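Please look over the sequence and the three-dimensional model shown below before reading on. The paragraphs that follow lead through the chain as a whole and then through some of its side chains.

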Amino acid sequence: RDVFAVLRYTPNLIDLNVTTVLCSIHQNREQPMTMRGYKLQKLALTFLWKDPDDVTDQTTYLHLISDIKLFSSSLTCLSMNFIDLNVASTDELPFNGLKLQHQLLKSMITLDQFHLYAKTRQHSINVDGVLSTFTDRFWLDRRWFVAMHGTYLYPLPFHFHELHGFIDFDRVQSTDTALLADMTT
């Protein structure tokens, strides 16, 4: 029911790749988890939603983020695949780079690689507005460039196995147009 609860019994685990259903367990944990001395370096999370009509609320993300932050001193690679979740707003996580930075990534002092894949249910999107939240010094210094096509968001280079809803490179917008130009030539 909760993969993070299992981790307390595997303190030497270095690489964890999990595909699971995102559910209310993150919200209903009776006691906060404490993790000290754990060595987890790579965490890859792929979340599926039980009901495709349900919308993922921000409370669920905040509880998930608090669980991930338990490994903020050891993680070097974080991969989060939210493509099957229904994100209602581009003003919130994971589409808001400033909130993602301040609520999760800034605490990860050893993080070198960051991969994210998400889709929003919003039909009209201000892509430039979304991408602008990923353009401050934090993102640029780490060379984590973000792209969007349609309602999909992801860092470049693309890390996942399937590229959903892709038509052609002319419809991709990015925080680094030079990198995008190199990819199309």
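**A walk through the model**

Among contacts in the protein chain (heavy atoms within 4.5 Å) between residues at least 6 apart in sequence, 77% join residues at least 24 apart. This is a predicted model, in which local features need pLDDT of at least 70 and side-chain atom pairs count only at pLDDT 80 or more, while totals for chains, interfaces and linings use all residues. Residues are numbered from 1 along each chain as its sequence is written, and side-chain values use heavy atoms, with hydrogens and water left out.

The protein chain has 7 helices and 7 strands, where helices (H or I, at least four residues) and strands (E, at least two) are DSSP runs numbered from the N terminus. Read from the N terminus on, the elements follow the order α-β-α-β-α-β-α-β-α-α-β-β-β-α. Of the 185 residues, 44% count as buried; buried means under 20% relative accessible area, exposed over 50% and partly exposed in between, with a 1.4 Å probe and protein chains only. The accessible surface of the protein chain comes to about 10,000 Å², and 49% of this surface belongs to carbon and sulfur atoms, the areas coming from the Shrake-Rupley method with a 1.4 Å probe, where for residues only the protein chains shown count as cover.

Helix H3 (residues 58-68) has as its buried residues Thr60, Tyr61, Leu64, Ile65, Asp67 and Ile68. Seen down the axis of H3, these residues fall within an arc of 155°, so they line one face of the helix; the arc is that of the directions from the helix axis to the C-beta atoms.

The aromatic side chains come next. The structure holds 13 aromatic pairs, a pair being rings of Phe, Tyr and Trp (its six-membered ring) with centres within 6.5 Å, and planes under 30 degrees apart counting as stacked, over 60 as edge-to-face and the rest as tilted. The ring centres of Tyr117 and Tyr154 are 6.0 Å apart and their planes stand at 80°, so this pair is edge-to-face. It links distant parts of the chain, since Tyr117 lies in strand S4 (residues 113-120) and Tyr154 in strand S6 (residues 152-156), 37 residues apart. Tyr117 also forms an edge-to-face pair with Phe158, at 5.0 Å centre to centre and 85° between the planes. Tyr117 is buried, with a relative accessible area of 1%, whereas Phe158, at 25%, counts as partly exposed.

Elsewhere, Phe114, Phe134, Phe138, Trp139 and Trp144 form one aromatic cluster. The charged end of Arg142 sits over the ring of Trp144, 5.9 Å from its centre, which is counted if NZ of Lys or CZ of Arg is within 6 Å of the ring centre and within 35 degrees of the ring normal. Trp144 is also in contact with Asp112, which touches Thr76 as well, leaving aside neighbours within four places in sequence. Asp112 is exposed, with a relative accessible area of 56%.

A search of the whole structure finds 2 salt bridges, each a side-chain nitrogen of Lys or Arg within 4 Å of a carboxyl oxygen of Asp or Glu. In one, Glu92 and Lys99 have their closest N and O atoms 2.9 Å apart. In the other, Arg137 and Asp141 have theirs 3.2 Å apart, and, being 4 residues apart in helix H6 (residues 137-141), they are separated by about one helical turn. Both Arg137 and Asp141 are exposed.
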